[in-house]
Amino acid sequence: MADKLLKFEIVTPEKVMPVEDVKHVKAPGIGGYFGVLPEHIHYITSLKIGYIEVSLAAGKKVYATSGGFTEVLDDKMVVLAETVEEATKIDVERAKASKERALKRLADKGPDIDLARAHLSLLRAINRIEVASKN
């Protein structure tokens, strides 16, 4: 297994990221973080807000995700997600502004405020800030 690599692909509504050959992937499953190596058993699961860490031959890449699904079949892992953003490309100032807006909405608690949506917005913003700091 030391010589085998896993094909890894990310698909979002806006783009399909190129398939990469990777050593290992760590992702935020609905039951907690899990790892995938080459020759992993077939597996499908929901993803929650968190980070995806991809180990390459030369280093690693980290991505923020707002959730989605992943499937592992025959040495290939595909992530299907609404959003995935590489840590190096996260606009931290924009994420901080999103966090402040979400906090303001949650503090307001007015009748026109969708508290569940504001809470999810807050979690996504915090995640983006934390993932950017991993870089």
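The structure is a predicted model, in which local features require a pLDDT of at least 70 and side-chain atom pairs count only at pLDDT 80 or more, whereas totals for chains, interfaces and linings use all residues. Residues are numbered from 1 along each chain as its sequence is written, and side-chain values rest on heavy atoms, with hydrogens and water left out.

The protein contains two helices and 10 strands, where helices (H or I, at least four residues) and strands (E, at least two) are DSSP runs numbered from the N terminus. Along the sequence these elements follow the order β-β-β-β-β-β-β-β-β-β-α-α. Taken along the principal axes, the C-alpha atoms fill a box of roughly 55 × 25 × 25 Å. Of the 135 residues, 39% count as buried, a term that denotes under 20% relative accessible area, with exposed meaning over 50% and partly exposed lying in between (1.4 Å probe, protein chains only). Among contacts (heavy atoms within 4.5 Å) between residues at least 6 apart in sequence, 51% join residues at least 24 apart.

Helix 1 comprises 17 residues and reaches 24 Å from its first C-alpha to its last, close to the 24 Å expected at 1.5 Å a residue, the expected span being 1.5 Å times one less than the number of residues. In this helix Ala95, Ser98, Ala102 and Leu106 are buried. Seen down the axis of helix 1, these buried residues fall within an arc of 70°, so they line one face of the helix, the arc being that of the directions from the helix axis to the C-beta atoms. An α-helix has 3.6 residues a turn, so residues three or four places apart point the same way. On the other side of helix 1, Glu93, Lys104, Ala107 and Asp108 are exposed, while the cover over the buried residues of helix 1 includes helix 2.

For helix 2, the 19 residues should span 27 Å at 1.5 Å a residue, which agrees with the 27 Å between its end C-alpha atoms. The buried residues of helix 2 are Ala118, Ser121, Leu122, Ala125, Asn127, Arg128, Val131 and Ala132, and what covers them includes strand 6 (50–56), strand 7, strand 10 and helix 1. Arginine 128, which lies in helix 2, is buried with a relative accessible area of 13%. Neighbours within four places in sequence aside, arginine 128 is in contact with Ala64, Glu85, Ile90, Asp91, Arg94 and Ala95. Alanine 116 also lies in helix 2, but this residue counts as exposed, at 53% relative accessibility. Between alanine 116 and leucine 106 there are 9.1 Å in space, C-alpha to C-alpha, and the two are 10 residues apart in sequence.

Two loop residues have positive phi angles. Glutamate 39, in the loop between strand 4 (32–36) and strand 5 (43–47), has a positive phi of about 70° although it is not a glycine. Aspartate 75, in the loop between strand 8 (68–73) and strand 9 (76–81), has a positive phi of about 60° and is likewise not a glycine; aspartate 75 is buried, with a relative accessible area of 18%.

Pockets were located on a 1 Å grid over the protein atoms alone, a pocket being an open set of points where a 1.4 Å probe fits, with protein on both sides within 12 Å along at least five of seven lines, and lining residues having an atom within 4 Å of a point. Grid points are joined across faces, edges and corners, and a volume is the space filled by probe spheres set on the points. The largest pocket holds about 430 Å³ of space. Its lining consists of 19 residues, of which Ser98, Ser121, Arg124, Ala125 and Arg128 are the closest to its centre. Strand 7 (59–65), strand 10 (84–86), helix 1 (92–108) and helix 2 (115–133) each supply at least two residues of this lining, and the largest share, seven residues, comes from helix 2. By class, the lining of the largest pocket has five nonpolar, six polar and eight charged residues, where Ala, Val, Leu, Ile, Met, Phe, Trp, Tyr, Cys and Pro count as nonpolar, Asp, Glu, Lys and Arg as charged, and the others, Gly among them, as polar.

The second largest pocket holds about 170 Å³ of space and is lined by 13 residues, of which Lys15, Met17, Tyr63, Glu86 and Lys89 lie nearest its centre. Strand 1 (6–11), strand 7 and strand 10 each supply at least two residues of that lining, which has six nonpolar, no polar and seven charged residues.
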